[in-house]
Every structure is written in C-alpha cells, then in structure tokens.
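Here's a quick briefing to read alongside the structure.

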Amino acid sequence: MRLRSGVFAASCLLVEALGVALFLRGFFPVAVRSLPRREARGDPPAEPAPPGPGMVSNWTKIPPPLFKKVVLVLIDALRDDFVFGSKGKQFMPYTTQVVEKGTSYSFIAEAKPPTVTMPRIKALMTGSIPGFIDVIVNLNSPALLDDNLIWQAKTTGKRIIFYGDDTWVKLFPKHFVEHDGTTSFFVSDFTEVDDNVTRHLDRVLKREDWDLLILHYLGLDHIGHMTGPNSPLVGPKLREMDNILKKIHISLLSKEEASLPNLLVVCGDHGMSETGSHGGSSEGEVHTPLLFISSAFEKRSGPLTQPGLVQQTDLASTLAVGLGLPISRNSVGNLILPVVGGKTMREQLRFVHLNGFQLSRLLQENTPAYEKDPGYEHFKIAEKSHGNWIKLYLEGNNSEILLNLGKKVLKQYLEALKTLSSSLSKQVAQYDMYSMMVGTVIIMEVLLLLLLSIPKALSSRAEFEVPLSPPLFSLLFYLMCLMLCAVHVIVCTSAESLCYFCSMSWLTAVGVMMLISALMCGILSAIAKIFENSRLPLKNLVVSSSSWSEIDVLILAGTIGHVLSLGASSFIEEEHQTWYFLINTLCLVLCQELCRNNFLLKEWEPHHSTTMKQNFDSVGEASECKNIDIPAAGNSKLSKATSSAEFIKGSDKWISLASPWIILICCRLLRSLNQTGVQWAHRSDFGHWLTSSEHKSELSFLAAVSLLMILFLVQRRCSLVSKIAMALGLLGVYSYRAAIGNVIFPWQHDSKDISKGITEARFVYVFVLGIVFTGTKDLLKSQVISADSSVKSTGLWEVYSGLVLLAALLFRPHNLPVLVFCLLIQTMMTKYIWRPLKCDAAQITVMHYWFGQAFFYFQGNSNGIATVDISAGFVGLESYVEIPAIFLTAFATYTGPLLWAIHLLCYLSSEVNRNSAAVGHGCFCYAVLRSVPVAIYIVLVTGLRYHLFIWSVFSPKLLYEGVHVFITAAVCLFFMAMDQKHSQKV
Amino acid sequence: MKEAAIRRLLAANLLCVLSVVLTAVVPAFFWDGFTVLGTHLTWLCICSGCVSTFNILLHLVLKPNLSPKRSSFAHKISRFLKCCIYFFMSCILFHAIIVLYGAPLIESVTETFLFAVLLSTFTTLQCLCMLGPNIQAWIRVFSKNGAMSIWENSLQITTMCTIFGAWFGAFPIPLDWDRPWQVWPVSCSLGATFGYTAGLIIAPLWIHWNRKQLTYKSR
C-alpha cells in the first residue's frame, strides 16, 4: 500500500495520541479509596476488648458529639501569614487576640498540591488526597460520590447551611437545607462575592434551626489573582473578615448553653504565591491557617508558641469526631488531639482508636501486604495496650498509674496514626505501571517508525510503500499477538492493584495488542529495508555532513538540546527561556545567512555557480540523506546562485538584512510583556503594569492600536467580504472588552455597569464563524472544481484570519500585542527571509514549530497549571457549558502553536508551485517534531516518578504535552486534508 | 616554513592563555579579597585590559600580517582611530545582542556592558589587530574557506570558540542551584573565557592536524 507522507504522519500521530491517553490514564493515579460507593458500610468498631474472659466493654456506638453547633469559615487563599504574621496582627486584631489569649487552638495546615479550590474542598471534607486529575475536572465539578463529612452529617440528620462558592453546591447537591452559591466567575469582583455571603449572616446567626454552617469567602482569592498578596486591597479585606469572625464568635458565645459548647473553625483552602496565583507547591501556596475556637478549650496560658503543623486532611477526621459522626472511609487524616483534649482519657482513647481503626481498614483494602506495614503493626500493639488499659479502668483502678498508662497508650496510638496516614498518602502515588508501559510502548514504536521513515518521507515524491502483507512478518505478527495476549492475561490476573488497561474490555485490549505488534512488524521491515539499501549511501553520509548549513546544525542541535533539557525540573519550569534562546539564535543565524547571500554571492558569483554545478550531483545525492528533496534542493541552490543578482534590489536588500533584527526586537518586547516561569515570575512586567486599574486608558489605547494593526496585517490577502467582516469583528472585540470593563471608550469616563458582554462576544463569534465558513467554502471549491491554487490559498488564509479573530476575542487585552507581533513576524519572515533564502520545507517547519512554542510562552503561559486562563472558556457564555468551554480554553492556551501551524500550512501550500511535496513534508516534520519530545518526556517521567517535584513540575508539564499532542494530531489531520486535495488535483 | 609558522602561532597563543590565567591569579596577591567570582566586575575589567594590551603587544612584535605598503604616520593615526571606533561599536553591538537575548535592559547595565567589552576583546580586538579596520577582509575571513593564512585560521577558531563559550555559558542560568557563578553575567563570561582559551589551544593543534589539507590561495 502506498501512502503519502502527510497521511502517514497524521495516522502516526493519531496512534500516538491513543498511546498518550493510555499513559496519562495510568500515570495520574486514582485516589486511595475503599469501596467505590459509600453506601456499603460496616458497623463502627467497639472499644478493644480487654484481655481475659468475661470482661467486655459495652461501648460499641459512635461517641456523642462534642459540639452543638459548628461554624466553618473558609476564606479562599488565606495564607498562614495573613493570620499569624504581621499582616494578621495589623488587620485582624480580634482574631489575633483570640489566638493569643482566647480559648483557641491554632495550627498551620499543609495543603497538598494541586492547590486549586475544588480538590482542596474535597480534601477538607473527605480527608482523602484528591488525585492530580481532579484539576482537569475542576471546571465542572460533578457531585462528590465518596464518603464525606457533609454526607455523613446529612444522614445523621444534621441541618447544614451553606453560603459561598457554588463549587460546594455542585459537589454536594441537595445536602444543604439552605444555600446560596456565588460563582467565582468575575475575578475582578472583590466585594460582591463576599457581600453575597455576609448578607445572610445576621439572620442565620439568630436562628436555631441549624447544626453546621459553612461560609466560603472568595474575595481574598480574587484580590490575590488580580493584584497579589502585597496589594493595598488585602488589608481592608482581612479587616472585613476579622469583623465577620468577631460577629460569629460573639453570637456563638452568647447562645451557648450549659449542655454543649459551640465550635468555630477558620481555615483557608490554599494559600497564594508571591504573585498571587496558586496551583503549585511553593510554601506560600501550601501553608494555610487552621483555627479552632470554642469555649470548651482551655484558655491559652504561657507565651505564644509557633502554631503546629498539621495536614489539611486532618480537619475531616477532627470535625467528624467533633460532630459525633463516623470518620469518612477514605480519609487519610489524623485526629487533631488538642481539640478533644478536654475530654476524659477513656474518651480520648476511644477517639484515636476509631481513627486508627478506620485508617487501618483503608490500608487493608488498598494494600495486599498490609500486615507488614509498620503503621498497622503499631496500631495492633496500641490496640492491645488499649485493651489492657480498659481492663484496669473497668476494675476501677483510678490512680495516677492509670493516667500515665493512658498517656502512654495515647502516644502509641498517635505514632500509629501518623505512620498509617503517611503510608496511605504514599499510596496516592501508586502508578498504574501496566497501562503506562503499554502507552509508552505504543509511543516509542510510533516514534521509531517516524524516525526510520524520515529519508523516504522527505524524498521528492513524499510517498512510500508500507508493507502490509509480507508473509514472514505476518507469522511474526501472529506470534507477537499471541505472546502479548498471554502477557496481558498473566499481568491482569496477577495484578494486585487496580489497573485501567485490565479493566478495559478484552476486545479493546486485543485490538491494542494487535496494534502494538503491527507497529513492531512495521519497524522491523523498515529496518530490514534500510539494511538492504545500506551499502550504497554509506559514502553519501560523509558527504552530507560537510554540506550541512549552519541552520541545519542549529535546528538539529536545538531540537536535541531541548529534548534533553526536559530531564531537569528547572529547565521545565523555565522552558520559555530555552525557546527564547533558541529563536534568538535562529534569528542571528538567519541574519548571517542573509548577509552571506547578499554580500558574498555577489562578489563570488562566477566562482560559486561553477562550483555549484560541479557539486550538483553530490549535493543531490547528499540531500537525499539530509532530508531535502533533490529537485527542490538543486533548484534552490542553483537559483540561489543565479538569481542573487536580481534578488538584490536596493531597499529590499536592506529591509531583508534588517528583518532578523526587527524580529529580535519584537521578541525582546514580547518577552518583557509577560514574565513567566517560576524563578523570575515575580519580576515586574508590562502585562501587570497594563492590567493595574490606574493604567486603564493606556491599556485601552494599546488594545485599540493592536486591533487596528491586526486588521492591517490580516486583510492583505483576504477577499473584500472577509475584510469587512474582520473589521466589524475586531470592533466587536473591543466593545466586548469595554463591556466587561477591561478597557474604556474615550467618551466613557465613569466605569458604570459591568456586564458579561454576552451580546458583544456572540456578535464576534458570528463573524468568526462567517469568515471560517467562507474560507472552507473556498477550500471545497478548489477541491471540487480544481481551480487554480490561488483560490485555495485565499481559502486557507481566510480560515487563518478567522482563527486570528477568535484569538483576538479570547486573549486578554494586554496580550493583544502578542497577536500583532505574531502576524508581523510571520509577514516579515515570509517576505524577506524564507522566500529569498529559499529554505526547504523541513527547515521552515522547524522554524514555525520553534516560533509557535516561543509564542506559547509569550502569551503568558508556563508549565504550571496556574497560568491557564480559564476565563477564556466563559467568553460569550451565560454559564458553564462543558464542551465549548473546554474548546475555547484549549484554543486560548495553545493559540501560539496553533496559529503558527496554520500559517505553516498557508505558506507551504503557497509554495506548492515550487515544490509539489511541500505540504506533505511539512506535515511529516511537524509530526516528528511533536513526537520526539513527547516520547522522550514520557520515558523521563516514568523514570522520575518518585522525584520530589513530580506533582508540582513534571505532571503539569506532562498534561501540557499530552494536550499538545491531541492538538497537533488535529492540525496534522487538517494538513492531510489539504495535501489530499492537492494530490487529487495533480 | 609552515612548521615554523605553526610553532610561532602556538607560542603566541600559549602566551595569550597565560595572560588570561595570570589575570585570575596575580591580582589576588596585590589586593585582598579578590576572587574571580566575588569581585567579578573588577576581574572583567582586568581581564579585558590585560588581554587587549597583550594582544596589541604581540601583534606589534610578531606582525603576522605582512602588509607590503609602508604607510605614513597620519595614515597610521587614522587607522588607529578607526580601530578604536570599531571596537567601541562592537561593544555596543554585543551589548545590544545580549539585551536581545534577554539580559535586563536597565538594571545591571554595568555587568552587561563589561561582558560585552570582554566579548569584544576576545573577538573584535583580535580581528582589528590581524586584519585592520577593513570590513571586506572580515567578511572574507569569516565566510567559508576564506582564510588565507594560519593566523586567519586561528582567528576564525578562537572567535567561534569564544562565541560558543558565551552561548553555552548561558545554559546553567535557569537552574535553581543558587550557586555564586550562576549570577548574571558570571557564567557567560566564564564560558566566553574558557571558550577563548580553548580556542587558543585548539587552533594550532587543529592547523597542525589538517596542515596537509590547508592550502591558502593568495590574492
């Protein structure tokens, strides 16, 4: 079967996307859980039986609640130093006084990354550590099905009231007797979100018909996102929170009766970094305060000590005990002992025993060899001494010895709890190795196949034979299939932990096995072919190495260097530096090439063209190994020499020489627009300057100028209709931004009503769709009537300009210059660098890919989850709708690479007259460029899976890479379609 | 003839290497607290100063480019002034390129500029000594197969090595090791220096190795 290289590359990428999906599924572990459903549950354990016959403790029920009413105040992004640090002393006087002198216990709760709201709420309420994958579904939070505190409280008949972030309402639907959710949709809203919560407070505090009140305040988080932790807005917000806490505390105290005290818990879901964002694992992001305030506690005596460090998950167990509920089954938290410190020794022991029993059962259900776990052993020992203690207790022994013995047992229990929960937390990082291996094998095979077919795929025909049915390989194929299936059965039957790949239906599994063996056979046959032909070209390889130009060397070294740099966490955090460095060097090398073209060729022309003619054959031969198609290379080199005289035309020459420098300056400006990465992210940049509220007029001016520039740069190659549509669309973009309050019109001076700008955004969407539709129509026309290629290139350009318009809508206004510079650089490159230098398709593809990657970071992205601009997913939508939101967010995030990829297609199809296989070559190179880093990175991540930074650095990057593969696969399909049309035409 | 020339080149280059090494070692005897890392800016000044004076002296002594025509004193002066201007311009150009590569524009300007001066010393100054302020000659030397003597070959190699050294020197900057040599521009200037010395040593060896293939056309 003959395949064009475009088709081949696209299908390879599709298979690779499958492999990546499988790997990702295996890599991101599912959280530790006992049974999938919460319904099935056993009875709570009794107190450990004292040894000896006839003595049985009769305490088999869950202990009664310790507190009557509990108020949980969750302040989003409350960092520990906002309460315990100097800010707390300054702005939260009441809280500070309670912490220092009142009846309270204060702790620093450590949140596990990802420090994003929804996983943190889950951790607080279930006590389990949500998997990393929860970040992805953070946007649409489905109901929480695991056993959790809220569910437990509801089933025991507690009445819960909730006000605040509506994530809770989505997580716990129908759990609250009364709720009022506020969306955290408008990040620029600092007061409304909190007033929405506080307005209910007075009424609710007077009432008696509730047991648990949960308040989630969002304002602080919004302030952090917009202005950072050191902004002047933080102080007043903290003061507001302090007053609210004071009000609640006083009201709780006044209502207290003799029977049971009330409890006020203050905590944060996550902190914030020095720039005000969150999601990572820096100290500021993971350290949150945790305050328990109740009259049941002893007044603090003695000097103030540093608050102790606990885990965020500990809150669930502690609250469960406090409310007299069973501890959630999946909780890995420990009881915070001081909270129950006022109780008798017997009760305290009972509490820790319940906690330990729950943890050890969770361990039993998750590890086969639980009996050897040190935590489990400790727990068994502690349980035994607990029994002895009870024996003494029931005998009526009431002396000092009993108390001391009890303390000893308590200590043993705490030790056991700590070990148990740490070994359970480690379980979260239990990888599904089998799925990962299968995914990796597929990806590596695809990569090998792509690499082996480079010489063929980049030949002038861009076609190659794919052997599908040589008999020898079919025997091998069946043997391999059989063997792999046997391996599959063996692995799956002996698997101790959960395995995704095993849980798939056996038909799918067999399909995957057949795919793997088919790929393997393909690779073997490709290798065999290479060996067959290897006698002749060996000589050419030597020749080829000498004829490599600087650009080729740089491209190869850059690609390899970038892939190698992925092994270091710092280089991943600062990957933008790598790309900026590479494109700068690329520009300088291009500049050198242009100089040589302009100055030297003129001087040495006669000499050069003779040598060219002499070397023509060898160059031709060499270029086959060197990934250049023969006629194109020959043509280009010859015409390079002969046409140099006509090429140099006065001013054009100087613009051409200056263009790399202009591009360099553009890149430098863009680099200082958005500081990204980790180490230097806190440096001031233009982006922050522009978004601060006092520079609104500057931002408006910049946005307007950028939109005009976009129009100017895009309209050159569009038809008249799309020109008008584009202009109207860009006007719509500006009015959308004005409507949501990012920019202002010159005649509008008061920042009045801020709406969601739905109408304006939809107005722009209409034009985007219109332009893309016109483009597609042209493309179809060019295919059906096989008209001249100009129709096709206009069509492509129109699709491209439609995407530019969409990007202009989704980009934040301060990022619009990125789009302008993107278009500007593309125009200059096309006109003054690629055309005159006559670069071949492979080189141009690599340059597009590099610039695409650099623009990914220019627009403010990084390899951390926190920089994904989720607000792009809400443009023009009333509420969260899953599919469009995901599509829009993905598009906004990957705008840079996508626009450059589509531009590559535009450029290559306009070059079709010169080199008929250009599109196929481009598609193939693009696929190779994407597969190499992904494949190597996946292997690296597998090797580094116990690295300290795996969750904070490597996993987010893995997600980015995975999504990029899916997007590239889609782009390659588009390429393939374009290539197909061309082939039919010819 | 050729062997002798190569030996002369080797001697000259080794002397250059020695001068670079001395700049790192000698000032420590005269000045307490001098280290290459600690007082990096001073070292940059000393190193560029020493290497440039040494190169000029060497050039005056050896006269590798045998310019046939004797020129007048006024001509020499104008040549010298031209050289100075070229040198200054190359400093500015290097500074601009470094800023384009991402060095901060306003803060640590001194560091960046001194680094640019160091780079110019290692590259431009040598070219000026060897070729004079003659752009055409420069373009000829730095194009493929343009060298016409072993001195020009050596010039090519050292210049390339310096630039590559500075380029590679930027690699460790993003790593989070918090070492003193990761501070801007220490790693880059050290890279450039190592590249320069490596180039000086490699050049004679490479020429010696390839002396059969190297045939110089004369103009």
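In this predicted model, helix α31 (residues 696–714) and helix α35 (residues 816–837) of chain A have axes that come within 9 Å and cross at roughly 25 degrees. Angles under 35 degrees count as roughly parallel, so that's the label for α31(A) and α35(A). Their crossing is left-handed.

**The α31/α35 contact**

- On the α31(A) side, the contact is made by Leu702(A), Ala703(A), Ser706(A), Leu707(A), Met709(A), Ile710(A), Leu713(A) and Val714(A).
- Facing them from α35(A) are Leu816(A), Pro817(A), Leu819(A), Val820(A), Leu823(A), Leu824(A) and Thr827(A).
- Sorted by class, the contact of α31(A) with α35(A) comes out at 13 nonpolar, two polar and no charged residues.

**The α1/α39 contact**

- Helix α1 (residues 5–27) and helix α39 (residues 918–943) of chain A pack at an angle of about 20 degrees, and their axes are 9 Å apart.
- Why is this pair called roughly parallel? The cut-off for that label is an angle under 35 degrees, and α1(A) and α39(A) therefore qualify.
- The crossing of α1(A) and α39(A) is left-handed.
- From α1(A), the contact residues include Phe8(A), Leu13(A), Val20(A), Phe23(A) and Phe27(A), along with Glu16(A).
- From α39(A), they include His921(A), Cys923(A), Phe924(A), Val934(A), Ile938(A) and Val941(A).
- By class, the residues of the contact of α1(A) with α39(A) split into twelve nonpolar, six polar and one charged.

**The chain as a whole**

- Chain A holds 40 helices and ten strands.
- Of its 986 residues, 57% are buried.
- Take the contacts in chain A between residues at least 6 apart in sequence: 80% of them join residues at least 24 apart.

**Salt bridges**

- The count over all chains comes to 22 salt bridges.
- One of them pairs Arg207(A) with Glu178(A), with the closest N and O atoms 2.8 Å apart. Arg207(A) sits in the loop between α9 (201–206) and β6 (212–217), and Glu178(A) is in strand β5 (residues 178–182), so the bridge ties together parts of chain A that are 29 residues apart in sequence.
- The cut-off for buried is under 20%.
- Lys237(A) bridges to Asp194(A), the closest N and O atoms being 2.6 Å apart. That pair links distant parts of the chain, with Lys237(A) in helix α11 (residues 234–255) and Asp194(A) in helix α8 (residues 192–198), 43 residues apart. Both Lys237(A) and Asp194(A) are buried.
- Asp202(A) and Lys247(A) form another salt bridge, with 3.4 Å between the closest N and O atoms. Asp202(A) is in helix α9 and Lys247(A) is in helix α11, so this pair ties together parts of chain A that are 45 residues apart in sequence.
- Asp202(A) counts as partly exposed at 42% relative accessibility, and Lys247(A) counts as partly exposed at 32%.
- There's a network too: salt bridges link Lys68(A), Lys69(A), Glu208(A) and Lys255(A).

Terms used. Residues are numbered from 1 along each chain as its sequence is written. Chains are lettered from A and ligands numbered from 1 in the order in which they are written. This is a predicted model: local features need pLDDT of at least 70, side-chain atom pairs count only at pLDDT 80 or more; totals for chains, interfaces and linings use all residues. Side-chain values use heavy atoms; hydrogens and water are left out. A salt bridge is a side-chain nitrogen of Lys or Arg within 4 Å of a carboxyl oxygen of Asp or Glu. Helices (H or I, at least four residues) and strands (E, at least two) are DSSP runs, numbered from the N terminus. Buried means under 20% relative accessible area, exposed over 50%, partly exposed in between (1.4 Å probe, protein chains only). Axes are lines fitted to C-alpha atoms, for helices over the stretch in contact, and angles run from 0 to 180 degrees between N-to-C directions. Angles under 35 degrees count as roughly parallel, over 145 as roughly antiparallel, 65 to 115 as roughly perpendicular and the rest as oblique. A crossing is left-handed if the near helix is turned anticlockwise from the far one by less than a right angle, and right-handed if clockwise. Contact means heavy atoms within 4.5 Å. Ala, Val, Leu, Ile, Met, Phe, Trp, Tyr, Cys and Pro count as nonpolar, Asp, Glu, Lys and Arg as charged, and the others, Gly among them, as polar.
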